[in-house]
Amino acid sequence: MNTFIGKNWFKLALGAILIAMIASFAYKLWANGSEPDPRLTAMKQAPSFQLQDLDGKTVSSQDMDGKVRLVYFFYSFCPDVCMPTTFLLSQVQESLKKKDLLGTKAEIVSITVDPNRDTPEVLKEFGNRFESKPVPGGWTFLRGEESKIHKLAEDFGIMVVKEKDGNFSHSNAILLVDPKGKLRNYYDASNPELDVDHIIKDVVTLSKGK
């Protein structure tokens, strides 16, 4: 054994140094949060769309390329989940503003599944209910033909079912789309543990091209 060590001490020492360097580098990656988050692995290309904003202007998904997008399918007459989830998004908007990301690196997109009742006037009033009111270019409310929106929701993986009373059952999820239009995550907006910081952390990560 001593003979082996004597003949190979240089190789052994070099190997130990390399292992130490790799371990140090791995630790720095972990400590700086640079390792890829498995939750943010690209799932698929998000479906493209062309819809109208509250001023009647056509807005396409391509217009948002280069920004992280938080997409939410909702309707203002929703009796339960849409209001608290939209309030959460208003808090996300406020945090994005403070980080100078809103409108430049990130955007919130709320798409109504009930465009017949959700007229531009109704949606403007709905948005103004929140302390952090929608900022033009930063939080966009969109409408379109009902059947096309429901197909778009389905393509995103969101269930929408029209009930006999005119209301809608739908998946209560916020969709995270990266600057290249890749779908990265579904947030269960009904999960009480989902908070603003959790969403903002992911938005910041993707805004850096990770």
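**Cut-offs applied to a predicted model**

User: Why does D114 count as buried?

Analyst: D114 has 3% relative accessibility. Buried means under 20% relative accessible area, exposed means over 50%, and partly exposed lies in between (1.4 Å probe, protein chains only). The model is predicted: local features need pLDDT of at least 70, side-chain atom pairs count only at pLDDT 80 or more, and totals for chains, interfaces and linings use all residues. Residues are numbered from 1 along each chain as its sequence is written, and side-chain values use heavy atoms, leaving out hydrogens and water.

User: What makes the contact of D114 with R117 a salt bridge?

Analyst: The closest N and O atoms of D114 and R117 are 2.6 Å apart. A salt bridge needs a side-chain nitrogen of Lys or Arg within 4 Å of a carboxyl oxygen of Asp or Glu, so the pair qualifies. R117 has a relative accessible area of 28% and is therefore partly exposed.

User: What makes E146 and K162 a salt bridge?

Analyst: The closest N and O atoms are 3.6 Å apart. E146 belongs to helix α4 and K162 to strand β7 (residues 160-162), 16 residues apart. E146 is buried, as its relative accessible area is 17%, and K162 is partly exposed at 46%.

User: How do you know that T112 and D118 make a polar contact?

Analyst: Their side chains are joined at 2.5 Å. A polar contact is a pair of N or O atoms within 3.5 Å; within protein, one must be able to donate a hydrogen and the other to accept it, and residues adjacent in sequence count only if both atoms are side-chain atoms. T112 lies in strand β5 and, at 0% relative accessibility, is buried. Leaving aside residues up to four places away in sequence, T112 touches F74, Y75, D118, L123, L142, R143 and I149 (contact means heavy atoms within 4.5 Å).

User: Why are β1 and β6 called edge strands?

Analyst: An open sheet with mixed pairing has 6 strands in the order β1-β10-β9-β4-β5-β6. β1 (44-45) and β6 (139-142) each have a single partner strand, so one side of each has no neighbour in the sheet.

User: What makes β9 and β10 paired strands?

Analyst: Strands pair if DSSP finds at least two bridges between them. β9 (residues 173-177) and β10 (residues 182-188) have 5 bridges, in the antiparallel sense. I174 stands opposite Y187 in β10.

User: How do you know that the span of helix α2 agrees with its length?

Analyst: The expected span is 1.5 Å times one less than the number of residues. For the 17 residues of α2 (residues 82-98) that gives 24 Å, and the end C-alpha atoms are 24 Å apart, so the two agree. The buried residues of α2 include C82, L88, L89 and L96. D100, which follows α2, has a positive phi near 55°.

How values were computed: Helix = DSSP H or I, 4+ residues; strand = E, 2+ residues; numbered from the N terminus.
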